Amino acid sequence: MKTERIDAEGLTLKDKVVFINRVAKVVKGGRRFSFSALVVVGNESGIVGIGKGKAAEVPEAIRKAVEQAKKRLIRFPLKEGTLTHRIIGKYGSNSVVMNPAPKGTGLIAGGAVRAVFEVAGIQDVVAKALGGHNPFNTVKATLDGLSNLKDPDAVLKLRGKAEEDPAVEEAG
């Protein structure tokens, strides 16, 4: 599903650092260290994005990652703080199984998947990361699943079953 570009200007976005990696490059004089940061941003009501930044210092890497994440925002449907239906997101060898949960269940998800749900505004969900546990690929698999979520009202319209009043159906 191809999503339209969302402008981050008018949104109040919350960011969360998922993973920071220190990389050493061996040169003649010794080792040169740099850092890569994986960050997720979201408005806590159905908009989320991911970004990766690399720099010599950690704060600069995080800043670059947040900047990139704001350019890659996606919108997905939410239903009362949970997902609209069960979905499996895939990226590489990673897959993330996401199930909607009743109100009060909380976030039952680990590591990178939990960070995405927190900034996305999902309060009740049960999720499991399968395959590899590389945080970069796990976050991308989670976003793949969220971007493929369907809005129940839109599906009803596609099927030609427009929203009808339940009282009318019972009487007829």
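**Notes on a predicted α/β chain**

1. From the N terminus on, the elements run β-β-β-α-β-β-β-β-α-β-α-α-α. That order comprises five helices and eight strands. Please keep in mind throughout that this is a predicted model.

2. Now for the overall dimensions. Along its principal axes, the C-alpha trace spans about 85 × 35 × 30 Å. The accessible surface comes to about 10,200 Å², and carbon and sulfur atoms account for 51% of that area. Of the 172 residues, 38% count as buried.

3. A word on contacts across the sequence. Taking the contacts between residues at least 6 apart in sequence, 59% join residues at least 24 apart.

4. How many aromatic pairs does a search of the whole structure find? The search returns one. The partners are Phe19 and Phe136, whose ring centres are 5.9 Å apart and whose planes stand at 85°. Planes over 60 degrees apart count as edge-to-face, so the pair of Phe19 and Phe136 is edge-to-face.

5. Phe136 has a relative accessible area of 18% and is buried, because buried means under 20%. Phe19, at 30% relative accessibility, counts as partly exposed.

6. Phe136 has a further neighbour to show you. Lys52 lies over the face of this ring, at 5.2 Å from the ring centre.

7. Next, some backbone geometry. Most residues other than glycine have a negative phi. Glu44, although not a glycine, has a positive phi of about 65°. Glu44 is found in the loop between strand 2 (30-42) and strand 3 (47-55). With 40% relative accessibility, Glu44 counts as partly exposed.

8. Glu80 is another non-glycine residue with a positive phi, here about 55°. Where does Glu80 lie? Its place is the loop between strand 4 (73-75) and strand 5 (87-91). Is Glu80 buried or exposed? Its relative accessible area is 68%, so Glu80 is exposed.

Terms used: Residues numbered from 1 in each chain as written. Predicted model: local features only at pLDDT ≥ 70, side-chain atom pairs only at ≥ 80, totals over all residues. Heavy atoms only, no water. Helix = DSSP H or I, 4+ residues; strand = E, 2+ residues; numbered from the N terminus. Buried < 20%, exposed > 50% of the residue type's maximum accessible area, 1.4 Å probe, protein only. Contact = heavy atoms within 4.5 Å. Areas by Shrake-Rupley, 256 points an atom, 1.4 Å probe, with all protein chains shown as cover. Phe/Tyr/Trp six-rings, centres within 6.5 Å; stacked < 30°, edge-to-face > 60°. Lys NZ or Arg CZ within 6 Å of the ring centre and 35° of its normal.
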